[in-house]
Amino acid sequence: MNMDVKLQEKCECRTDSSKFYNSLMNGDFRMKGECAVSLLLTKLDIVNVELSMERKRTVIQIKTGRLKSFESTCKKMKKKGLELNFPTAVERINDLIGVRAVCSYVDDIYAVADVLEQQSDIRILKKKDYIQNPKNSGYRSLHLILEIPIVFKGGTQWVKMELQLRTAAMDYWANLDHQLRYKKRKKESDEIDEELRQCAEVVDKLDKRMLEIRRKIDKL
């Protein structure tokens, strides 16, 4: 996709509904979304300390958070055939607010998820295990769709967000796949998709091998 097409999509999306844009990007939703990201990142810090002390090694290597851009939101909604408006976006798009945590090993991913599921101030709405059941593209990650409470003067509001848990190898593949997806020409698309799937299998074997080696060392 060239820059002219990207600019055109951005302008079309921006002008579809100024009310939708303002509700998503400038209002109460964005403020609470930023608070939700900050709160979940703090919770992950605490989980990391707890598990790292227990396992005597760092469990979470990197964590980041973001609010989905307006252009990306529109693109995803159009792909799903959804009407472009704020209530539909909040109800149907689970990753408007997102956090990603990169873990050292595959079993650490599930350990982090287990700790979060036991916390009374987190509601797990859905779990999508793309590690055990990868996407057709080869994408692997554990997704938790959850709600977290944001307390303001007027009361408590539960905010929906998505947490992605990956290993460093999964994250490396996903980031490069995302970059290459927009550079593929249709003619070679199937061939490149197959190469990326093969790379994803290599990543999976690497993660499993590293876990086996770590478990051998743990037994010494």
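Biologist: Leaving aside its neighbours within four places in sequence, with which residues is Thr64 in contact?
Modeller: This is a predicted model, in which local features need pLDDT of at least 70 and side-chain atom pairs count only at pLDDT 80 or more, while totals for chains, interfaces and linings use all residues. Residues are numbered from 1 along each chain as its sequence is written, and side-chain values use heavy atoms, with hydrogens and water left out. Thr64 is found in strand 1, where strands (E, at least two residues) and helices (H or I, at least four) are DSSP runs numbered from the N terminus. Taking contact to mean heavy atoms within 4.5 Å, and setting aside neighbours within four places in sequence, the partners of Thr64 are Leu41, Gly98, Val99 and Arg100.

Biologist: Is Thr64 buried or exposed, or does it count as partly exposed?
Modeller: Buried means under 20% relative accessible area and exposed over 50%, with partly exposed in between, using a 1.4 Å probe and protein chains only. Because its relative accessibility is 41%, Thr64 counts as partly exposed.

Biologist: How far apart in space are Thr64 and Arg100, C-alpha to C-alpha?
Modeller: Arg100 is among the contacts of Thr64. The two residues are 36 apart in sequence, and their C-alpha atoms are separated by 5.3 Å.

Biologist: Which residues does Lys126 contact, leaving aside its neighbours within four places in sequence?
Modeller: Lys126 lies in strand 3, residues 123-129, and is partly exposed, with a relative accessible area of 42%. Its C-alpha atom and that of Leu144, 18 residues away along the chain, are separated by 6.0 Å. With neighbours within four places in sequence left aside, Lys126 is in contact with His143, Leu144 and Ile145.

Biologist: Which residues does Ala111 touch, not counting residues up to four places away in sequence?
Modeller: Ala111 has its place in helix 6, residues 106-117, and is buried, with a relative accessible area of 10%. Between Ala111 and Val47, 64 residues apart in sequence, the C-alpha separation is 9.4 Å. Not counting residues up to four places away in sequence, Ala111 touches Leu51 and Arg55.

Biologist: What is the phi of Lys56?
Modeller: Most residues other than glycine have a negative phi. Lys56 lies in the loop between helix 3 and strand 1 (60-67), and at 74% relative accessibility it counts as exposed. Although Lys56 is not a glycine, its phi is positive, at about 60°.

Biologist: Which residues line the largest cavity?
Modeller: On a 1 Å grid over the protein atoms alone, a cavity is a set of points where a 1.4 Å probe fits but cannot get out, and lining residues have an atom within 4 Å of a point. The largest cavity holds about 40 Å³ of space, where grid points are joined across faces, edges and corners and a volume is the space filled by probe spheres set on the points. Helix 7 (168-181) and helix 8 (189-219) each supply at least two residues of its lining. The lining residues are Gly138, Tyr139, Arg140, Met170, Trp173, Ala200 and Val203.

Biologist: Which element gives the most to the lining of the second largest pocket?
Modeller: A pocket is an open set of points with protein on both sides within 12 Å along at least five of seven lines, and the second largest pocket holds about 220 Å³ of space. Of the 15 residues that line it, the closest to its centre are Phe29, Val90, Gln157, Val159 and Lys160. Two or more lining residues come from each of helix 3 (28-55), helix 5 (86-92) and strand 5 (155-167). The element that gives the most, with five residues, is strand 5.

Biologist: How far apart in space are Ile192 and Leu180, C-alpha to C-alpha?
Modeller: Ile192 has its place in helix 8, and at 26% relative accessibility it counts as partly exposed. Ile192 and Leu180 are 12 residues apart in sequence, and their C-alpha separation is 9.2 Å.

Biologist: In what order do the elements of the protein run from the N terminus on?
Modeller: The secondary structure comes to eight helices and five strands, and the C-alpha trace spans about 60 × 55 × 25 Å along its principal axes. From the N terminus on, the order is α-α-α-β-α-α-β-α-β-β-β-α-α.
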